[in-house]
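Here is a briefing on one protein model. Look at the sequence and the structure first, then read the points below.

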Amino acid sequence: MRFTPVLACLLLRFAAAQTPDPLEIVRRSVEQDRLNFRRANDYSYVQHTEQRELDEQGRIRRIESRTFDVIVIDGEPYEKLVARNGKPLSEAEARKEQQKLDRELARRRSEDPGRRSRRMSKEEKRRMEGREFAREIPEAFRFRLAGEERLEGRPEWVIDAEPKPGYKGKVKRADLLSKFRGRLWIDQQDYQWIRVEAETIAPVRFGWILAKLDPGAKMVFEQRRVHDEVWLPSRAHMQLSARLALIRKLRGEVEVLWRDYRKFQADSRITEVSEAPLAP
């Protein structure tokens with residue numbers, strides 16, 4: 001068969017048609033994530049947070065951790081402390097935490113409709129801002145399909161993301177995206193992010209205390225499929241070097257683990273919360 005320019009052109013077009021468009025994959029994944037926003041409030045879970053302070057040589061100087069049982073009360077998460085530094089709370093501490101939860105439940109039961117409406121509107125506004133921020137991601141980066149892998153037995157697209165030069169965010173805090181580059185692992189079946197690795201490439205200033213995150217800070221975020229219906233966080237890890245008040249140098253790691261997702265049932269007004277039986 002003669003390899004003519006026309007044939008070469010056709011082959012190139014065919015190859016291009018078979019190659020997934022990474023931008024469209026990311027756009028679809030961002031829209032799919034809206035389902036998680038709605039379904040996440042149907043779950044309680046355990047959240048374990050560990051902070052590690054490092055010295056100049058990167059050795060661990062101090063470790064602090066806290067473990068929470070998190071439930072959603074009337075649309076908002078509530079964190080009940082259950083362990084500190086790897087040890088369960090004492091009897092007195094546990095009783096105090098239960099009393100705090102009981103007071104919160106009582107407060108919600110007696111909340112007047114106007115106050116509840118304002119609180120729910122504020123929470124919905126916060127969630128909307130989060131969704132709008134996520135929709136900026138496809139616009140803020142140039143994407144390149146780096147390959148395909150299998151994670152936990154599922155095929156994933158691997159996509160590299162580099163910030164677009166001159167990008168200007170349209171929503172609150174979206175300009176922060178230009179200070180990161182990363183790599184995404186996106187599930188080919190559900191179009192969900194199973195893993196994200198990101199690194200700061202420019203200083204990131206945040207907070208009223210004038211803290212600054214130095215370039216080179218690394219972050220990892222992972223999700224997993226729960227009950228075959230929703231993707232929920234499983235792990236986040238941040239390795240950072242920062243300056244507090246732009247003077248004091250801080251080095252450390254923060255790791256958050258989410259586990260023991262339990263689907264619960266609650267009426268829409270509040271506050272009796274009962275967990276549904278777990279599937280095997």
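**Overview**

The protein exposes about 17500 Å², and carbon and sulfur atoms supply 53% of it. Accessible areas come from the Shrake-Rupley method with a 1.4 Å probe, and for residues only the protein chains shown count as cover. This is a predicted model: local features need pLDDT of at least 70, side-chain atom pairs count only at pLDDT 80 or more, and totals for chains, interfaces and linings use all residues. Residues are numbered from 1 along each chain as its sequence is written, and side-chain values use heavy atoms, with hydrogens and water left out.

**Whole chain**

- The protein has five helices and 14 strands. Both are DSSP runs numbered from the N terminus: helices are H or I with at least four residues, strands are E with at least two.
- Of the 280 residues in the protein, 38% are buried. Buried means under 20% relative accessible area, exposed means over 50%, and partly exposed lies in between (1.4 Å probe, protein chains only).
- Take the contacts between residues at least 6 apart in sequence: 51% of them join residues at least 24 apart. Contact means heavy atoms within 4.5 Å.

**Helix 2**

- Helix 2 spans residues 22-40 and has 19 residues. From its first C-alpha to its last it reaches 27 Å, close to the 27 Å expected at 1.5 Å a residue. The expected span is 1.5 Å times one less than the number of residues.
- Which residues of helix 2 are buried? They are Pro22, Ile25, Val26, Ser29, Val30 and Asn36. These residues cover an arc of only 135° around the axis, so they sit on the same side of helix 2. The arc is that of the directions from the helix axis to the C-beta atoms.
- Aspartate 21 caps the N-terminal end of helix 2. One of its side-chain oxygens lies 3.0 Å from the backbone nitrogen of leucine 23.

**Nonpolar cores**

- The largest nonpolar core has 19 residues, and Val26, Phe143, Ile186 and Trp193 touch the most other members. A nonpolar core is a set of buried Ala, Val, Leu, Ile, Met, Phe, Trp, Tyr and Cys residues joined through side-chain atoms within 4.5 Å.
- At least two residues of this core come from each of helix 2, helix 5 (137-140), strand 5 (141-151), strand 6 (154-163), strand 7 (180-187) and strand 8.
- A second, separate core of 13 residues includes Tyr45, Phe68, Leu89 and Trp258.
- Valine 26 is in contact with Ile137, Pro138, Phe143, Ile159, Leu184, Ile186 and Trp193, leaving aside neighbours within four places in sequence.
- In soluble globular proteins, nonpolar side chains tend to be buried together.

- Threonine 200 lies in strand 8 (residues 193-200). It counts as buried because its relative accessibility is 2%.
- The side chain of threonine 200 reaches the backbone nitrogen of alanine 217 at 2.9 Å.
- Not counting residues up to four places away in sequence, threonine 200 touches Lys179, Phe180, Leu213, Asp214, Pro215, Gly216, Ala217 and Met219.
- Methionine 219 is found in strand 11 (residues 218-226). At 17% relative accessibility, methionine 219 counts as buried.
- Beyond neighbours within four places in sequence, the contacts of methionine 219 are Phe180, Val196, Glu197, Ala198, Thr200, His237 and Met238.
- Methionine 219 and glutamate 253 are 34 residues apart along the chain, and their C-alpha atoms are separated by 9.7 Å.

- Glutamate 123 is found in helix 4 (residues 113-135). Why does glutamate 123 count as buried? Its relative accessibility is 10%.
- Glutamate 123 touches Gly75 and Glu76, not counting residues up to four places away in sequence.
- Proline 155 lies in strand 6. At 32% relative accessibility, proline 155 counts as partly exposed.
- Proline 155 and isoleucine 186 are 31 residues apart in sequence and 8.5 Å apart in space, C-alpha to C-alpha.

**Positive phi in loops**

- Asparagine 85 lies in the loop between strand 3 (76-84) and strand 4 (87-88). Its phi is near 55°, a positive value in a residue other than glycine. Asparagine 85 is partly exposed, with a relative accessible area of 46%.
- Glutamate 152 is in the loop between strand 5 and strand 6. Phi of glutamate 152 is near 55°, again positive in a residue other than glycine. Glutamate 152 is exposed, with a relative accessible area of 70%.

Conventions:
A polar contact is a pair of N or O atoms within 3.5 Å; within protein, one must be able to donate a hydrogen and the other to accept it, and residues adjacent in sequence count only if both atoms are side-chain atoms.
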